[in-house]
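Here is a short briefing for a reader meeting this structure for the first time. Please look over the sequence and the model before reading on.

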Amino acid sequence: MEIRQLRYFLTVAEELHFGRAAERLHIVQSAVSQQLRRLEHELGTELFARSTRVVRLTEAGHRLLPYAREMLALQARAREALDELRAEQAATVRLGTSSGLGGRLDALLAAFAGIAGHAQLELVADTTEERLRQVRSGELDATLLRGERTDPGLEFLPLWRDTLLAALPAGHDLAAHETIDLARLAGLPLRLSPSSRNPALHDLVMRSCREAGFQPVPGPEFTNDQDTLAALAHGKPSWTVFYASHAGQLPVPGVVFRPLRAPAPVIRTYLAVRPTPPRAGLRTLIEACYAVTETETETVTEAEPEAEDRENSGPCTPSSDRRR
């Protein structure tokens, strides 16, 4: 039983005339008759009583009529649902971005493009509070941000974790170490963004320093990547921190990036969304975020034995940053 045959059946049942039905269907009358004969043959009963002047439904035709209408209505609703899905997938997804995403953002864009079909991803940069406001209002579909948050109007989906690396002058004695105990940076001025600009990062660094047993010496404020790295390379000795995923894209002569320990500062990235059922484009974005997170987890797990081997190998020659 084909949808086409049911459509022909329903049209003839409404017109009770094969010629008028054929005109409504924009096909020749013989095609209508042929398909209805095939349907009757398949069902094993006649659906119409035909004479030279009258066409009427048989009892079997009357029984089939409501089911034919229901099936054609279901087909129409299925088409509408799929048309809506295609429209959603073709729409633009607006994502707020956090600073210092580095290679994570490249991986996310690649994952989204691989599964999004015709959907486009538009990146929006702004302050954390403004991005969260735009998610609440619907101006943004979602935003990436670091550090835990609570907001009754939003849901925070946990994603990957970022390790913080210390950035310091290549000529400093500590640069010769593969990994640096955080306490050994106690006497070196720290260049850090103010809490008002990046509260999650600021709080993590200050808390980690306290856990290491010291209050960091405040140095000049972290302004931007270029100026701060240039000051590290050529100014008075100082240090700062970069996300590992970002540091891998910042090879700067005169500056090295080193993992920290005791403690090793780690911060989680979240995707903030509205707590409502997501449309198709946002579902694709969430899927891409989870794909990047899973890849990162697998990479870290595989790298753990190698990291342990390096830890036991002792000091190394200073070098520019390498990817995590």
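The model is predicted. Across the protein chain the mean pLDDT is 86, and 90% of the residues reach 70 or more.

**Confidence along the chain**
- Strand 7 (residues 180–181) has the highest confidence in the protein chain, at 96.
- Confidence is lowest in helix 10 (residues 280–311), where the mean is 69.
- Over residues 301–324, pLDDT stays under 50.
- For residues 301–324 the model has 34 contacts beyond four places in sequence.
- Where pLDDT is low, the predicted coordinates should not be read in detail.

**Helix 7**
- Helix 7 spans residues 199–211 and has 13 residues.
- From its first C-alpha to its last, helix 7 reaches 18 Å, close to the 18 Å expected at 1.5 Å a residue.
- Its buried residues are Leu201, Leu204, Val205, Met206, Ser208 and Cys209.
- The cover over these buried residues of helix 7 includes strand 6 (155–169), strand 8 (240–243) and strand 10 (266–273).

**A nonpolar surface patch**
- Met1, Leu43 and Met71 form a nonpolar patch on the surface.
- Together, Met1, Leu43 and Met71 have about 240 Å² of accessible area.
- Leu43 belongs to helix 3 (residues 29–43).

Notes:
Residues are numbered from 1 along each chain as its sequence is written. This is a predicted model: local features need pLDDT of at least 70, side-chain atom pairs count only at pLDDT 80 or more; totals for chains, interfaces and linings use all residues. Side-chain values use heavy atoms; hydrogens and water are left out. Helices (H or I, at least four residues) and strands (E, at least two) are DSSP runs, numbered from the N terminus. The expected span of a helix is 1.5 Å times one less than its number of residues. Buried means under 20% relative accessible area, exposed over 50%, partly exposed in between (1.4 Å probe, protein chains only). Contact means heavy atoms within 4.5 Å. pLDDT is the predictor's confidence in each residue, from 0 to 100. Patches are made of residues with over 30% relative accessible area and no salt bridge: like charges are joined within 9 Å, nonpolar side chains (Val, Leu, Ile, Met, Phe, Trp, Tyr) within 5 Å. Accessible areas come from the Shrake-Rupley method with a 1.4 Å probe; for residues, only the protein chains shown count as cover. A salt bridge is a side-chain nitrogen of Lys or Arg within 4 Å of a carboxyl oxygen of Asp or Glu.
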